[in-house]
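Subject: Structure handover

Hello,

Here is the structure for you to look over. My notes on what was found in it follow below.

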Amino acid sequence: MECMNLSALLACAISQVLDPAPAPVPVSIPPVVFEWISTNGEAREAALVSLESQGGKGTAQIRDARGGVSMLALSDIASAWRVSRKTPQIVSPATDSESSEVAAAPIAPLLWTVQLTDGQQFLGTLVPAPNVDSVTLAIPATLLAETATTNAITLPLERISRAWKGAGWPKGALRAPSESSRDVLWLANGDVMSGFLAEFGPVIKIEPQTSSTATKAQEVAMDAAAALWLTNPATPVSGMRIGWQDGSVMTSASCIVQERVCRVSLTAAKGVDVQYALDEVQWILPDAASWRTLSAEGSGSIVVANAEGVLLREPGTVSWPVKPGESHFVAQVSLPPSCFDWGDCTLIVRVLGSSPKEVARVHLDAETPRHRLHVSLAGATAIECTIDPGPSGPVQDRVQFSRAGFVTAPK
């Protein structure tokens, strides 16, 4: 009996050694979901599976919440907006064999954001330009695709609207009305200089606008500068445009999305191809000329811009002009979560023109905090929005506009 028990134990031990390890549990990666707004103003949410575009013409493969896969012609899409949260990066815990000390991060180069007159924005390192009439920006190597032949974008000064150190425009850097006809330079110490920008490189030169020809240009080292605002006029937008998590905005000559990677060839510089994770895409405009994002430049002081779009921060009325050819206005309107305790209001939407009329009236409170607007703009010259406070008064009566804009239907 004792031998039999010993044999059974031995057989059990051998079987445990020979049995394969259990299969790893597959990790499900959340889909990257966008709201797809068509050129007729209709919208639906679906995950982006793949995309291929050449100059804004192409197709996108999408998957709906039920798992159904379909194809979209990009020519039928006015805009696509990221609605799902960015997938968090998973970091493996350190093992006993690994040092518990954190390695010192390498010193990152000083990055500048350069905004062009057509709204494109590039983040990179400023390097000496071929001549004083241009600026050369080096895109970070981590963003370059394998097909990139260079990382340098050289831009004429006449194409630049603004430039600033870092990713966000510095607070308080506002151009006074008296400086609207001058280039303005803000220094890191708070000083302000204005005049004509003659050179933007390792040394920034501004020529004072005076009648004296003997006045020399003022020179400032780039390290001492914080931001620049030039007087170059805005230029029309065109082509396929993509906005990224880091604040970059790029017009694409071609774009391919495969296996959650987005590769883009830029129109701003031949040979510069960038590559981002699909999680980094914030919005896509297949034809930037057919979409105008709602801005905070409405007629009223209650309008402010924020990361979500435009916020109406108190009861009142504000309006935005409708430009010729624009056929629809679309937006998601919501009561901000911070206003759920007391917020209780009605948003009244009217179109103005030869036949003014009310087109929407939506109630917003903690129980119904979101609505979607889809307004036809036939014959309209402006769209007007009014916040009417609820019975509890105007406390926390605010309305957030997200993924909002004007659509120009294709001819």
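The second largest pocket has a volume of about 230 Å³. Its lining consists of 17 residues, and Lys57, Ser75, Asp287, Ser290 and Pro410 are the ones closest to the pocket centre. Sorted by class, that lining holds 7 nonpolar, 7 polar and 3 charged residues. Please keep in mind that this is a predicted model.

Next, the nonpolar cores. The largest one has 55 residues, and the members that touch the most others are Trp36, Leu48, Phe122, Ile153, Leu185 and Phe200. Apart from that core lies another, of 31 residues, with Val349, Ala360, Ile387 and Ala404 among them. In general, nonpolar side chains tend to be buried together in soluble globular proteins. For Ile153, the contacts beyond four places in sequence are Phe122, Val135, Thr136, Leu137, Ile139, Leu266, Ala268, Ala269 and Val272.

On the cysteines, the count of disulfides is 0. A disulfide is a covalent bond between two cysteine sulfur atoms. Cys255 is buried, its relative accessible area being 2%. Cys385 is also buried, at 0% relative accessibility.

Two charged residues may be worth a look while you have the model open.

Arg63 belongs to strand S3, which covers residues 57-63. Is Arg63 buried, partly exposed or exposed? Its relative accessibility is 37%, so Arg63 counts as partly exposed, since that class lies between 20% and 50%. Leaving out residues up to four places away in sequence, Arg63 touches Ala46, Ala47, Val49, Gly68 and Val69. One of these, Ala46, is 17 residues from Arg63 in sequence, while the C-alpha atoms of the two are 5.5 Å apart in space.

Glu280 sits in the loop between strand S19 (273-277) and strand S20 (281-285). With a relative accessibility of 18%, Glu280 counts as buried, because the cut-off for buried is under 20%.

Regards

Terms used: Residues are numbered from 1 along each chain as its sequence is written. This is a predicted model: local features need pLDDT of at least 70, side-chain atom pairs count only at pLDDT 80 or more; totals for chains, interfaces and linings use all residues. Side-chain values use heavy atoms; hydrogens and water are left out. Helices (H or I, at least four residues) and strands (E, at least two) are DSSP runs, numbered from the N terminus. Buried means under 20% relative accessible area, exposed over 50%, partly exposed in between (1.4 Å probe, protein chains only). Contact means heavy atoms within 4.5 Å. A disulfide is a pair of cysteine sulfur atoms within 2.5 Å. A nonpolar core is a set of buried Ala, Val, Leu, Ile, Met, Phe, Trp, Tyr and Cys residues joined through side-chain atoms within 4.5 Å. On a 1 Å grid over the protein atoms alone, a cavity is a set of points where a 1.4 Å probe fits but cannot get out, and a pocket is an open set with protein on both sides within 12 Å along at least five of seven lines; lining residues have an atom within 4 Å of a point. Grid points are joined across faces, edges and corners, and a volume is the space filled by probe spheres set on the points.
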